[in-house]
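Colleague: I have a few questions about the terms used for this model. Could you take me through them?

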Amino acid sequence: MRYAYGLTSALLVGGAAISLVGGYPAGAQTAQNEGIEMQRAVPRAGAPESFADLTEQLQPAVVNISTRQQIEVQTRNSPFAGTPLEGMFGNRRSGGDAQPQTREGRSLGSGFIISADGFVVTNNHVVAPQTDRNGRPVGTIEEITVTFPDGKEYDAELVGTDPQSDLAVLKIQGGDDFPFVKFGGSEQARVGDWVIAIGNPFGLGGTVTSGIVSSVLRNTGSGAYDRYIQTDASINRGNSGGPLFDMQGNVIGINNAIISPTGGSVGIGFAIPADIATPIVEQLKSGEEIERGFLGVSIQPVDEDLAASLGLPKNQGEFVQLVQPDAPADNAGIRAGDIVTKVDGKAVTQDQTLSFLVANVKPGVTIPIELYREGKRRTVQATVGKRPSAEEMRNQQMFSQDAEPEMPDEADTESPIIEKLGLQVVPLSATIARQLGVSSDTTGLAIVAVNRNSDAARKGLQRRDIIKSANYQPVNSIEDLEKAVTEAEEGDRDAVLLQFQRPGGPTVYRAVRIR
């Protein structure tokens, strides 16, 4: 036992000497997971007896993040409007007198400090405004608060966000240096490695869970940056944005999501790998715009049946279902039915998808793309474009499928057009016009969905119809149509005269009753 104590003392003294040689001046702030500091905290090889020292060393740099936001609530007409019971059921107003109301909303998550001057990393969804079913913001962030384990609170500035990777960077100000941790290399993680997750699940304060890595590059099919570290360390609500540490104290992931039928942890949690997060975080810190590559194709994996039909190895390459007109893929000569096998020399696999490979190519760069077409292998040169925003992507794909989307619940929507007319509409852009097969200079509102119980449905209005005017006034925006409905109600009229065109058909008029 004395020998063990003596050895420990020798290591600590040696560590102090090395820190001087390594260039750290006395009293300088160093990372909580700096190599020399971590020598005292890391467990022995194999299953550790305790995570206590590791947790004590790392936890000061892990914070709670809370937001306060105002969410606009759309009031609905009272079902008793116009009856003696109208005033007995709240203060809901009808017609043009409806006033927007707001309620306070809050979100809760975790984050971690990555520099002594107060840069904080978390998930974008922790600090993003609440959205409706269409992904459009309905809230406004009014306050972001960062709380340390000792209870100290700081107002945070939102430096930058990247919704596609679900990352965000905040900044807090303080008189002293903050405890911080550094990113490690997630490529060194192996299935079976121990990891710990530190965060703030369910608002309980600093909570630590442990587990092992179940997969290093798990693909869940949710987007271009769909590559996660999977772990069975318990990750619950409030853990989002917190760090996933390896046994050397490196941040190898950012806790992000779970798969669960109950809403709680069932041992399937996901973290954004540090190798993906680090360059994005650095760009956000410096205020750079995040640009990703884009080809403009709809794809599906090559499953066993598809591979058998074409005589190809399964689980390799991706099948091109659709090519957007005038997109980079179209200009490069890629066609629907092609199977893309390599992008810039990198094989397309389940773990390394076409979307991921292209997203990591800088827009404007020309790269070779190897594909399989009609029994022959070909190589085309594609100049990668800039990936559109999430809203632009939704618009590009809005009418690419024949199936009508589910109509939003009137109680959850802000749009009086959905409530009053039973129509979900979008302004007609050049992209949508191309999908509908009309000229790019066509104006109006394209119908996305129609409530089957509405008068508009009874009058024959359908998805893909284009509304040209309302009460003889052109409608080029949703506000134009809302104004026509409001003016009709103020004039005690129960219907709006809509002029609409079906692509390839004549322009007709229909009087649609207001609900």
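Colleague: What makes β4 and β5 a pair of strands?

Modeller: This is a predicted model, and the pairing comes from its bridges. Two strands pair if there are at least two bridges between them. Strand β4 (residues 139-147) and strand β5 (residues 153-162) are joined by 3 bridges. That meets the cut-off, so they count as paired. The two strands run antiparallel.

Colleague: Why is S66 called buried?

Modeller: Buried means under 20% relative accessible area. S66 has 19% relative accessibility, so it counts as buried. Its place is in strand β1 (residues 62-73).

Colleague: Which residues is S66 in contact with, leaving aside its neighbours within four places in sequence?

Modeller: S66 is in contact with S107, L108, E143, I144 and T145. Contact means heavy atoms within 4.5 Å.

Colleague: How do you know that β8 and β9 pair?

Modeller: Apply the cut-off of at least two bridges again. Strand β8 (residues 207-218) and strand β9 (residues 228-231) have 3 bridges, and they run antiparallel. So they pair. V213 has T231 in β9 as its bridge partner.

Colleague: Which strands make up the closed barrel, and in what order?

Modeller: The barrel has 6 strands, and the order is β7-β8-β9-β12-β11-β10. Its pairing is antiparallel. From one strand to the next, the twist averages 45°. Helix α5 (residues 274-285) packs on the sheet and touches β11 (251-258) and β12 (269-273). The direction of α5 makes about 50° with that of β12.

Colleague: How does the span of helix α13 compare with the one expected?

Modeller: Helix α13 (residues 478-490) has 13 residues. From first C-alpha to last, α13 reaches 18 Å, close to the 18 Å expected at 1.5 Å a residue.

Colleague: Which residues of α13 are buried, and why are they said to be on the same side?

Modeller: L481, A484, V485 and A488 are buried. They cover an arc of only 95° around the axis, so they lie on the same side of α13. In an α-helix, residues three or four places apart point the same way, because there are 3.6 residues a turn. The buried residues of α13 pack against α10 (416-421), β22 (445-450), β23 (466-470) and β25 (495-501).

Colleague: What is on the other side of α13?

Modeller: E479, K483 and E490 are there, and they are exposed. Just after α13, D492 takes a positive phi of about 60°.

Methods:
Residues are numbered from 1 along each chain as its sequence is written. This is a predicted model: local features need pLDDT of at least 70, side-chain atom pairs count only at pLDDT 80 or more; totals for chains, interfaces and linings use all residues. Side-chain values use heavy atoms; hydrogens and water are left out. Helices (H or I, at least four residues) and strands (E, at least two) are DSSP runs, numbered from the N terminus. Axes are lines fitted to C-alpha atoms, for helices over the stretch in contact, and angles run from 0 to 180 degrees between N-to-C directions. Buried means under 20% relative accessible area, exposed over 50%, partly exposed in between (1.4 Å probe, protein chains only). The expected span of a helix is 1.5 Å times one less than its number of residues. The arc is that of the directions from the helix axis to the C-beta atoms.
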